[in-house]
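Student: Could you take me through this model slowly, starting with one spot on the outside and then moving to the spaces within?

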Amino acid sequence: GKIIVIEASITRAQHARVSSRALGQPTRVPPIAATMNSTRPRPSSTEQAREVVRAGRRPARDAGNATLALPDGRSVDLPVREDARGHLFVDVRKLHATTGVCTYDEGFSSTAPCESAITYIDGARGELYYRGYPIEILAERSNVCDVIHLLVYGELPSPPQREAFLVRFRSESLLHEQLLNLFQGFKHDAHPMAIMCSAVAALSSFYPNPMADGRTRSDDDLGAAAISLIAKMPSLAAIAYKTSRGEPVVYPRPDLNYIQNFLHMTFSNPISPYVVDPIVERAMQVFFVLHADHEQNASTSTVRIAGSSRASPFVCASSGVASLWGPAHGGANEAVVRMLEDIGTVENIPAFVERAKDRSDPFRLMGFGHRVYKNFDPRSRIIRDECHRVLDKLGLDDPALRVAAALEEVALRDEYFVSRSLYPNVDFYSGIMLRAIGFPVSMYTVLFAVARSIGWMSQWKEMASEAVPKIGRPRQLYVGETRREFVPLEGRSTRAHDIEGLRSRL
């Protein structure tokens, strides 16, 4: 029965932006690509401020105050901040210290745990930007290594920078030979993601932690650590694949680029070299670009909170791999393929579609719609074209791929899906594409991890660059027992339902 009221004092222009967004109308906020090149704030005398400006950061603006009315009659003024795209945030960082009151936000769906200048998503309009560049432009005109440079350092490389970067990147892709012994200790049929979790963490025993002594490191030091991890991920993924199949490790070649080398290390063997098809290479290039970063998702947030303790970046990345392995996060494209296999034939599609429409039926069509994008996933249109090019080129006769093609047609014209914006998403098309290229389902999340490591390390570097890093320490809404009296063992009784539960388990 207690009500907490928040009143915000904002300008009329800010109110118009918020109102138009709530009504689904386009706001007049200029695109990030334009604002990054506009007049920037004058830097302070510190190197930290100069780094912030060079990275394209635009400090959040003061947008007035919000008044929090508490049930006990107290009222608290909280600052409101406006980000580069006009979104409003109530700053509650000092709320608990001044009032003893905490906010409750299960899953952090309405909470921003950090400031970031790396990635921006407009879910209502179906837009995704890396450092201000629309994802469509980067997928069409750029490549993975350029996107790595962009996300880690804040800018696309110039020709001399690209050449130097590629030389450095190739040298960092090699692994310490003793690390290979680790892979021999895994069971022959171990899941590649289990291998990846261990192997990425093991890198911390071979390469130094730049944050170990607690001192603030230079941008170059942090960038070097980030690139070292990103460059090694394709090698680790390829070896994990080889280990799970009992095949010998294949080393990278200096004459191949990032994607070519990964496909070579994954599919070549001593008696049968893998010839990279340009269409397959292009499709994988796009796959890695599209999956490089996606704001503060579950695995990225995991990497950031692990990094806030100044842990090794390799261990932080391993925590990201573990988070990504969960079927609710990185396993979506894997779930798509398993669904296609369950459907079996094109003739079965109508029955499964009807089941998906029935709210009382637990069955769900995987790979349709997106939690963040309320209109459409901009990545899905890009990967769809690449998927169809791969299928046309390879000409495979696969029942699951035939089901996928027919299901796509049904979803794009069925009013139930169209009216709810349940369009095929990036996971739907990437799952089909990876299957056609030849990756087993167990490798799908591994490929996701290789791509997302670019974002993880970019976010880690941004966090580690903060003048005063703050360790992550969320609060909780405690609902357990209050103070209880300790009862010695002989005086404890077992409740009836606990006994029945114990019997059922036995």
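Tutor: Let's start with Asp-397, which counts as exposed because its relative accessibility is 66% (exposed is over 50%, buried under 20%, partly exposed in between, with a 1.4 Å probe and protein chains only). Before we go on: this is a predicted model, where local features need pLDDT of at least 70 and side-chain atom pairs pLDDT 80 or more, while totals for chains, interfaces and linings use all residues. Numbering runs from 1 along each chain as its sequence is written, and side-chain values use heavy atoms, without hydrogens and water.

Asp-397 sits in the loop linking helix 17 (378-394) to helix 18 (399-413) (helices are DSSP runs of H or I, at least four residues, numbered from the N terminus). Ala-436 lies 39 residues from Asp-397 in sequence, yet their C-alphas are 9.7 Å apart in space.

Now the second largest pocket (an open set of 1 Å grid points with protein on both sides within 12 Å along at least five of seven lines; lining residues have an atom within 4 Å of a point). It has 21 lining residues, and Arg-170, Leu-256, Asn-257, Tyr-258 and Asn-261 are nearest its centre. Helix 6 (144-153), helix 7 (159-172), helix 10 (219-245) and helix 11 (258-267) each give two or more residues to that lining. Helix 7 has the largest share, with four. Sorted by class, the pocket lining holds eleven nonpolar, six polar and four charged residues (Ala, Val, Leu, Ile, Met, Phe, Trp, Tyr, Cys and Pro are nonpolar, Asp, Glu, Lys and Arg charged, the others polar).

Note on methods: On a 1 Å grid over the protein atoms alone, a cavity is a set of points where a 1.4 Å probe fits but cannot get out, and a pocket is an open set with protein on both sides within 12 Å along at least five of seven lines; lining residues have an atom within 4 Å of a point.
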